[in-house]
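I opened my notebook today to look up a few things in a protein structure. Come and read along with me.

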Amino acid sequence: MTMAKISTGGDGGTQPRARRPLSDEALITSMVACAAAVLFVLAALLVPNFHQPLNVLNLVTNNWPVISLGIGVTFLLVSGNFDLSVGGIVALSGVLAVWFAQSAEGGNALSSGWGMPTWLAMGCALLGALSIGALNALFVVRLRIPSIIVTLGTMMLARGIAQVITQGSQRNTNLPADFGFLGNLSVIGNSVKLPVVVMAVLLLVAIFIERRTVFGRLTFWTGANPVAARLSGIDRARHVTLLYLLSAGVAGIVGILLASEFKSGFSNRGLLMEFDALVIALLGGVAIAGGFGSVIGMFFGAIILAIVTSAATGLVLSPDWQFILKALAVFLAIVAQSWALARRNK
(Lines give C-alpha, C1' and ligand atoms only; values in the text may rest on other atoms or scores of the structure.)
Protein backbone atom coordinates (compact mmCIF):
# COMPACT_ATOMS: atom_id res chain seq x y z
CA MET A 1 0.00 0.00 0.00
CA THR A 2 1.30 3.46 -0.79
CA MET A 3 2.20 5.38 2.34
CA ALA A 4 2.59 9.08 3.01
CA LYS A 5 4.68 10.59 5.82
CA ILE A 6 3.51 13.37 8.08
CA SER A 7 5.35 15.25 10.80
CA THR A 8 4.43 14.54 14.42
CA GLY A 9 5.93 17.62 16.04
CA GLY A 10 9.17 19.27 17.03
CA ASP A 11 11.18 16.05 17.43
CA GLY A 12 11.37 15.74 13.68
CA GLY A 13 9.97 12.20 13.75
CA THR A 14 7.53 10.88 11.24
CA GLN A 15 4.92 8.19 11.21
CA PRO A 16 3.28 6.51 8.25
CA ARG A 17 -0.32 7.14 7.34
CA ALA A 18 -2.19 5.32 4.61
CA ARG A 19 -3.62 7.54 1.92
CA ARG A 20 -7.36 7.48 1.66
CA PRO A 21 -8.50 5.46 -1.36
CA LEU A 22 -11.56 7.70 -1.81
CA SER A 23 -12.18 11.38 -1.31
CA ASP A 24 -15.01 12.42 1.00
CA GLU A 25 -17.10 13.35 -2.02
CA ALA A 26 -16.49 9.99 -3.71
CA LEU A 27 -17.34 8.19 -0.47
CA ILE A 28 -20.69 9.98 -0.11
CA THR A 29 -21.51 9.44 -3.80
CA SER A 30 -20.74 5.73 -3.44
CA MET A 31 -22.98 5.53 -0.38
CA VAL A 32 -25.82 7.20 -2.25
CA ALA A 33 -25.41 4.81 -5.20
CA CYS A 34 -25.43 1.81 -2.84
CA ALA A 35 -28.51 3.16 -1.08
CA ALA A 36 -30.27 3.46 -4.45
CA ALA A 37 -29.36 -0.16 -5.27
CA VAL A 38 -30.60 -1.45 -1.89
CA LEU A 39 -33.87 0.48 -2.18
CA PHE A 40 -34.41 -0.88 -5.68
CA VAL A 41 -33.96 -4.47 -4.45
CA LEU A 42 -36.42 -3.87 -1.58
CA ALA A 43 -38.94 -2.28 -3.94
CA ALA A 44 -38.57 -5.20 -6.37
CA LEU A 45 -39.36 -7.62 -3.53
CA LEU A 46 -42.40 -5.66 -2.33
CA VAL A 47 -43.95 -4.34 -5.54
CA PRO A 48 -45.01 -6.74 -8.33
CA ASN A 49 -43.20 -6.22 -11.66
CA PHE A 50 -41.11 -3.39 -10.23
CA HIS A 51 -37.94 -4.95 -11.66
CA GLN A 52 -39.25 -5.02 -15.24
CA PRO A 53 -36.87 -3.26 -17.70
CA LEU A 54 -39.52 -0.78 -18.81
CA ASN A 55 -40.18 0.27 -15.22
CA VAL A 56 -36.43 0.71 -14.61
CA LEU A 57 -36.22 2.93 -17.69
CA ASN A 58 -39.22 4.92 -16.49
CA LEU A 59 -37.40 5.78 -13.25
CA VAL A 60 -35.22 8.07 -15.37
CA THR A 61 -37.43 9.02 -18.31
CA ASN A 62 -40.39 10.06 -16.14
CA ASN A 63 -38.18 12.24 -13.98
CA TRP A 64 -36.16 14.07 -16.62
CA PRO A 65 -37.57 17.51 -15.65
CA VAL A 66 -36.54 17.26 -11.99
CA ILE A 67 -33.12 15.76 -12.82
CA SER A 68 -32.49 18.62 -15.25
CA LEU A 69 -33.51 21.23 -12.67
CA GLY A 70 -31.29 19.50 -10.13
CA ILE A 71 -28.21 20.40 -12.17
CA GLY A 72 -28.55 24.15 -11.65
CA VAL A 73 -29.77 23.73 -8.07
CA THR A 74 -26.74 21.53 -7.25
CA PHE A 75 -24.23 24.02 -8.63
CA LEU A 76 -25.83 26.83 -6.64
CA LEU A 77 -26.00 24.79 -3.43
CA VAL A 78 -22.32 23.90 -3.78
CA SER A 79 -21.57 27.61 -4.17
CA GLY A 80 -23.48 28.33 -0.95
CA ASN A 81 -26.72 29.61 -2.52
CA PHE A 82 -30.30 28.44 -3.00
CA ASP A 83 -32.56 28.54 -6.04
CA LEU A 84 -36.22 27.97 -5.24
CA SER A 85 -37.37 29.85 -8.34
CA VAL A 86 -36.91 27.01 -10.85
CA GLY A 87 -40.47 25.67 -10.55
CA GLY A 88 -41.92 29.10 -11.26
CA ILE A 89 -39.54 29.55 -14.20
CA VAL A 90 -40.76 26.23 -15.65
CA ALA A 91 -44.33 27.54 -15.59
CA LEU A 92 -43.42 31.00 -16.92
CA SER A 93 -41.24 29.84 -19.81
CA GLY A 94 -43.84 27.32 -20.98
CA VAL A 95 -46.66 29.86 -20.83
CA LEU A 96 -44.57 32.47 -22.65
CA ALA A 97 -43.61 30.00 -25.40
CA VAL A 98 -47.28 29.18 -26.03
CA TRP A 99 -48.43 32.81 -25.79
CA PHE A 100 -45.78 34.03 -28.22
CA ALA A 101 -46.54 31.22 -30.68
CA GLN A 102 -50.35 31.52 -30.68
CA SER A 103 -51.92 33.24 -33.64
CA ALA A 104 -52.75 36.91 -33.11
CA GLU A 105 -56.27 36.30 -34.40
CA GLY A 106 -57.74 33.84 -31.93
CA GLY A 107 -61.39 33.53 -31.04
CA ASN A 108 -60.89 34.69 -27.44
CA ALA A 109 -58.26 36.06 -25.08
CA LEU A 110 -56.78 32.65 -24.22
CA SER A 111 -56.39 31.63 -27.87
CA SER A 112 -54.82 34.89 -29.04
CA GLY A 113 -51.09 35.48 -28.88
CA TRP A 114 -48.23 37.20 -30.67
CA GLY A 115 -48.14 35.05 -33.80
CA MET A 116 -44.39 34.37 -33.70
CA PRO A 117 -42.75 31.43 -35.49
CA THR A 118 -42.22 28.53 -33.11
CA TRP A 119 -38.43 28.87 -32.94
CA LEU A 120 -38.65 32.58 -32.19
CA ALA A 121 -41.39 32.09 -29.58
CA MET A 122 -39.27 29.52 -27.77
CA GLY A 123 -36.20 31.72 -27.96
CA CYS A 124 -38.06 34.69 -26.47
CA ALA A 125 -39.50 32.43 -23.76
CA LEU A 126 -35.95 31.37 -22.86
CA LEU A 127 -34.99 35.04 -22.56
CA GLY A 128 -37.91 35.45 -20.18
CA ALA A 129 -36.53 32.63 -18.04
CA LEU A 130 -33.06 34.17 -18.06
CA SER A 131 -34.52 37.48 -16.89
CA ILE A 132 -35.69 35.76 -13.68
CA GLY A 133 -32.18 34.37 -13.23
CA ALA A 134 -30.74 37.86 -13.70
CA LEU A 135 -33.20 39.20 -11.14
CA ASN A 136 -32.08 36.54 -8.68
CA ALA A 137 -28.45 37.51 -9.21
CA LEU A 138 -29.22 41.23 -8.81
CA PHE A 139 -30.81 40.80 -5.39
CA VAL A 140 -28.43 38.10 -4.12
CA VAL A 141 -25.13 39.47 -5.44
CA ARG A 142 -25.61 43.21 -5.55
CA LEU A 143 -28.13 43.82 -2.76
CA ARG A 144 -26.85 40.92 -0.61
CA ILE A 145 -30.30 39.60 0.28
CA PRO A 146 -30.30 35.92 1.39
CA SER A 147 -30.81 33.69 -1.64
CA ILE A 148 -33.52 31.57 -0.03
CA ILE A 149 -35.69 34.69 0.43
CA VAL A 150 -34.96 36.12 -3.01
CA THR A 151 -35.61 32.94 -4.98
CA LEU A 152 -38.77 32.17 -3.01
CA GLY A 153 -40.03 35.61 -4.04
CA THR A 154 -39.04 35.27 -7.69
CA MET A 155 -40.64 31.81 -7.80
CA MET A 156 -43.94 33.39 -6.80
CA LEU A 157 -43.36 36.30 -9.20
CA ALA A 158 -42.73 34.00 -12.17
CA ARG A 159 -45.73 31.81 -11.41
CA GLY A 160 -47.88 34.89 -10.82
CA ILE A 161 -46.99 36.29 -14.25
CA ALA A 162 -47.84 32.90 -15.77
CA GLN A 163 -51.22 32.95 -14.02
CA VAL A 164 -51.97 36.45 -15.31
CA ILE A 165 -51.13 35.44 -18.90
CA THR A 166 -53.29 32.31 -18.66
CA GLN A 167 -55.98 33.97 -16.51
CA GLY A 168 -55.48 31.21 -13.96
CA SER A 169 -56.15 28.52 -16.57
CA GLN A 170 -54.07 27.39 -19.56
CA ARG A 171 -53.42 28.24 -23.19
CA ASN A 172 -53.66 25.23 -25.51
CA THR A 173 -55.34 26.32 -28.73
CA ASN A 174 -54.45 28.12 -31.97
CA LEU A 175 -50.84 26.90 -31.94
CA PRO A 176 -48.61 26.24 -34.96
CA ALA A 177 -48.53 22.64 -36.17
CA ASP A 178 -44.82 22.29 -35.35
CA PHE A 179 -45.08 23.53 -31.75
CA GLY A 180 -45.30 20.00 -30.33
CA PHE A 181 -42.42 18.62 -32.40
CA LEU A 182 -39.53 18.97 -29.93
CA GLY A 183 -41.39 17.68 -26.90
CA ASN A 184 -42.71 14.56 -28.64
CA LEU A 185 -39.83 13.63 -30.94
CA SER A 186 -38.89 9.97 -30.28
CA VAL A 187 -35.15 9.36 -30.42
CA ILE A 188 -34.79 5.75 -29.25
CA GLY A 189 -37.87 3.65 -29.94
CA ASN A 190 -41.06 4.98 -28.41
CA SER A 191 -39.79 5.18 -24.81
CA VAL A 192 -36.99 7.74 -25.06
CA LYS A 193 -37.94 11.16 -26.36
CA LEU A 194 -35.83 14.20 -27.14
CA PRO A 195 -36.32 15.83 -23.68
CA VAL A 196 -34.73 12.77 -22.04
CA VAL A 197 -31.75 13.03 -24.40
CA VAL A 198 -31.48 16.75 -23.61
CA MET A 199 -31.42 15.86 -19.91
CA ALA A 200 -28.65 13.31 -20.49
CA VAL A 201 -26.57 15.81 -22.48
CA LEU A 202 -27.02 18.48 -19.80
CA LEU A 203 -25.99 15.96 -17.16
CA LEU A 204 -22.82 14.95 -19.01
CA VAL A 205 -21.87 18.56 -19.70
CA ALA A 206 -22.45 19.45 -16.04
CA ILE A 207 -20.24 16.56 -14.87
CA PHE A 208 -17.48 17.69 -17.24
CA ILE A 209 -17.73 21.30 -16.03
CA GLU A 210 -17.73 20.21 -12.40
CA ARG A 211 -14.71 17.94 -12.66
CA ARG A 212 -12.59 19.22 -15.54
CA THR A 213 -12.91 22.99 -15.72
CA VAL A 214 -11.79 26.02 -13.74
CA PHE A 215 -15.46 27.09 -13.54
CA GLY A 216 -16.29 23.93 -11.62
CA ARG A 217 -13.40 24.37 -9.20
CA LEU A 218 -14.36 28.00 -8.61
CA THR A 219 -17.86 26.85 -7.66
CA PHE A 220 -16.45 24.62 -4.92
CA TRP A 221 -14.00 27.26 -3.67
CA THR A 222 -16.72 29.90 -3.58
CA GLY A 223 -18.97 27.72 -1.44
CA ALA A 224 -16.27 26.24 0.81
CA ASN A 225 -14.80 29.57 1.94
CA PRO A 226 -16.26 32.76 0.43
CA VAL A 227 -13.81 35.01 2.30
CA ALA A 228 -10.75 33.08 1.14
CA ALA A 229 -12.15 33.00 -2.39
CA ARG A 230 -12.52 36.78 -2.39
CA LEU A 231 -9.03 37.32 -0.97
CA SER A 232 -7.66 34.99 -3.67
CA GLY A 233 -9.00 37.32 -6.35
CA ILE A 234 -12.01 35.24 -7.39
CA ASP A 235 -14.82 37.39 -8.77
CA ARG A 236 -17.53 35.79 -6.66
CA ALA A 237 -20.24 38.20 -7.84
CA ARG A 238 -19.65 37.33 -11.49
CA HIS A 239 -19.47 33.61 -10.75
CA VAL A 240 -22.71 33.47 -8.74
CA THR A 241 -24.43 35.57 -11.42
CA LEU A 242 -23.43 33.02 -14.06
CA LEU A 243 -24.70 30.18 -11.86
CA TYR A 244 -28.11 31.83 -11.50
CA LEU A 245 -28.29 32.37 -15.25
CA LEU A 246 -27.33 28.72 -15.78
CA SER A 247 -30.03 27.48 -13.40
CA ALA A 248 -32.68 29.75 -14.93
CA GLY A 249 -31.65 28.74 -18.46
CA VAL A 250 -31.99 25.03 -17.67
CA ALA A 251 -35.38 25.66 -16.02
CA GLY A 252 -36.45 27.62 -19.10
CA ILE A 253 -35.49 24.75 -21.39
CA VAL A 254 -37.45 22.32 -19.19
CA GLY A 255 -40.53 24.56 -19.25
CA ILE A 256 -40.40 25.00 -23.03
CA LEU A 257 -39.99 21.26 -23.66
CA LEU A 258 -42.89 20.44 -21.32
CA ALA A 259 -45.07 23.03 -23.08
CA SER A 260 -44.13 21.45 -26.40
CA GLU A 261 -44.81 17.93 -25.11
CA PHE A 262 -48.30 18.79 -23.87
CA LYS A 263 -48.95 21.55 -26.44
CA SER A 264 -50.12 23.86 -23.72
CA GLY A 265 -48.97 26.58 -21.37
CA PHE A 266 -50.18 25.81 -17.85
CA SER A 267 -49.54 28.19 -14.95
CA ASN A 268 -49.39 25.35 -12.40
CA ARG A 269 -46.85 23.31 -14.36
CA GLY A 270 -43.69 22.73 -12.36
CA LEU A 271 -45.53 23.13 -9.06
CA LEU A 272 -43.24 21.92 -6.22
CA MET A 273 -40.53 20.92 -8.69
CA GLU A 274 -38.20 23.37 -6.96
CA PHE A 275 -38.52 21.37 -3.75
CA ASP A 276 -38.04 18.04 -5.54
CA ALA A 277 -34.87 19.44 -7.13
CA LEU A 278 -33.65 20.50 -3.69
CA VAL A 279 -34.56 17.09 -2.24
CA ILE A 280 -32.61 15.10 -4.84
CA ALA A 281 -29.57 17.34 -4.35
CA LEU A 282 -29.66 16.75 -0.58
CA LEU A 283 -30.26 13.03 -1.09
CA GLY A 284 -27.22 13.02 -3.37
CA GLY A 285 -24.97 14.31 -0.60
CA VAL A 286 -24.81 18.00 -1.51
CA ALA A 287 -24.05 20.03 1.62
CA ILE A 288 -26.75 22.60 2.31
CA ALA A 289 -24.06 24.97 3.65
CA GLY A 290 -22.08 24.82 0.39
CA GLY A 291 -18.64 23.64 -0.68
CA PHE A 292 -19.48 19.94 -1.02
CA GLY A 293 -21.46 17.75 -3.40
CA SER A 294 -21.60 16.49 -6.96
CA VAL A 295 -23.91 16.25 -9.95
CA ILE A 296 -23.45 12.47 -10.03
CA GLY A 297 -24.59 12.28 -6.42
CA MET A 298 -27.62 14.41 -7.31
CA PHE A 299 -28.49 11.96 -10.10
CA PHE A 300 -28.44 9.00 -7.71
CA GLY A 301 -30.48 11.09 -5.29
CA ALA A 302 -33.05 11.49 -8.07
CA ILE A 303 -33.09 7.72 -8.57
CA ILE A 304 -33.70 7.22 -4.83
CA LEU A 305 -36.61 9.68 -4.91
CA ALA A 306 -38.00 8.00 -8.05
CA ILE A 307 -37.79 4.55 -6.45
CA VAL A 308 -39.51 5.74 -3.26
CA THR A 309 -42.27 7.52 -5.19
CA SER A 310 -42.82 4.69 -7.67
CA ALA A 311 -42.82 2.02 -4.95
CA ALA A 312 -45.27 4.06 -2.86
CA THR A 313 -47.56 4.29 -5.89
CA GLY A 314 -47.24 0.55 -6.51
CA LEU A 315 -48.16 -0.13 -2.89
CA VAL A 316 -51.22 2.13 -3.32
CA LEU A 317 -50.09 4.59 -0.66
CA SER A 318 -51.81 7.97 -0.63
CA PRO A 319 -49.92 11.10 -1.77
CA ASP A 320 -49.84 12.21 1.88
CA TRP A 321 -47.71 9.19 2.78
CA GLN A 322 -45.47 9.89 -0.20
CA PHE A 323 -44.65 13.31 1.26
CA ILE A 324 -43.79 11.68 4.57
CA LEU A 325 -41.54 9.14 2.83
CA LYS A 326 -39.72 11.94 0.98
CA ALA A 327 -39.18 13.79 4.26
CA LEU A 328 -37.84 10.65 5.96
CA ALA A 329 -35.53 9.95 3.03
CA VAL A 330 -34.02 13.45 3.18
CA PHE A 331 -33.60 13.29 6.96
CA LEU A 332 -31.91 9.89 6.83
CA ALA A 333 -29.66 11.00 3.98
CA ILE A 334 -28.41 14.05 5.88
CA VAL A 335 -27.87 12.06 9.08
CA ALA A 336 -26.03 9.30 7.19
CA GLN A 337 -23.80 11.83 5.42
CA SER A 338 -22.90 13.59 8.67
CA TRP A 339 -22.23 10.28 10.43
CA ALA A 340 -20.05 8.90 7.65
CA LEU A 341 -17.91 12.05 7.39
CA ALA A 342 -17.56 12.33 11.18
CA ARG A 343 -16.31 8.74 11.48
CA ARG A 344 -14.00 9.14 8.49
CA ASN A 345 -12.39 12.29 9.86
CA LYS A 346 -11.76 10.93 13.38
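Here are my entries, from the whole protein down to single residues.

**Entry 1: the whole protein**

I noted at the start that this is a predicted model. I then looked up the secondary structure and found 14 helices and 6 strands.

What is the radius of gyration of the protein? I found 22 Å, and this agrees with a compact globule, because a globule with 346 residues would have a value near 20 Å. I also looked up the spans of the C-alpha trace along its principal axes, and they come to about 90 × 55 × 35 Å.

Of the 346 residues, 45% count as buried.

I wanted to know how far along the chain the contacts reach. Taking contacts between residues at least 6 apart in sequence, I found that 74% of them join residues at least 24 apart.

I wrote down 21 positive and 12 negative side chains, with the centres of the two sets 9 Å apart.

**Entry 2: Arg 171**

I found Arg 171 in strand β3, which covers residues 170–171. Is Arg 171 buried or exposed? Its relative accessible area is 5%, so Arg 171 is buried, as the cut-off for buried is under 20%.

Which backbone oxygen does the side chain of Arg 171 reach? I found that of Ala 109, at 3.2 Å. Ala 109 also turned up in the list of contacts of Arg 171, once neighbours within four places in sequence are left aside. Other residues in that list include Leu 110, Ser 111 and Ser 112, as well as Lys 263, Ser 264 and Gly 265.

Val 98 is one of the contacts of Arg 171 too. I looked up this pair in more detail: Arg 171 and Val 98 are 73 residues apart in sequence, yet their C-alpha atoms are 6.8 Å apart in space.

**Entry 3: two threonines in helices**

I went to Thr 222, which lies in helix α9, residues 214–224. Thr 222 counts as buried because its relative accessibility is 0%. Its side chain reaches the backbone oxygen of Leu 218 at 2.7 Å. Not counting residues up to four places away in sequence, Thr 222 touches Ser 79, Ala 229, Ile 234, Arg 236, His 239 and Val 240.

Then I turned to Thr 29, found in helix α1, residues 24–46. At 12% relative accessibility, Thr 29 counts as buried. With residues up to four places away again not counted, I noted that Thr 29 touches Ser 294, Ile 296 and Gly 297.

**Entry 4: Pro 65**

Where does Pro 65 lie? I found Pro 65 in helix α3, residues 64–78. Pro 65 has 7% relative accessibility, so I marked it as buried. Leaving aside neighbours within four places in sequence, Pro 65 is in contact with Val 254, Leu 258 and Met 273. I also checked Pro 65 against Val 90: they are 25 residues apart along the chain, and their C-alpha atoms are separated by 9.3 Å.

I found one at Arg 144, where phi is near 60 degrees. Arg 144 lies in the loop between α5 (118–142) and α6 (147–166). Arg 144 is exposed, because its relative accessible area is 69%, and the cut-off for exposed is over 50%.

Gln 167 also has a positive phi, near 55 degrees. I placed Gln 167 in the loop between α6 and β3. Gln 167 has 55% relative accessibility, so it counts as exposed.

**Entry 5: Arg 343**

My last stop was Arg 343, in helix α14, residues 319–344. Buried or exposed, I asked about Arg 343? At 52% relative accessibility, Arg 343 counts as exposed.

Conventions
Residues are numbered from 1 along each chain as its sequence is written. This is a predicted model: local features need pLDDT of at least 70, side-chain atom pairs count only at pLDDT 80 or more; totals for chains, interfaces and linings use all residues. Side-chain values use heavy atoms; hydrogens and water are left out. Helices (H or I, at least four residues) and strands (E, at least two) are DSSP runs, numbered from the N terminus. Buried means under 20% relative accessible area, exposed over 50%, partly exposed in between (1.4 Å probe, protein chains only). Contact means heavy atoms within 4.5 Å. A polar contact is a pair of N or O atoms within 3.5 Å; within protein, one must be able to donate a hydrogen and the other to accept it, and residues adjacent in sequence count only if both atoms are side-chain atoms. The radius of gyration is taken over C-alpha atoms; the globule rule is 2.2 Å times the number of residues to the power 0.38. Lys and Arg count as positive and Asp and Glu as negative; His and the chain ends are not counted. The place of a charge is taken as NZ of Lys, CZ of Arg, CG of Asp or CD of Glu.
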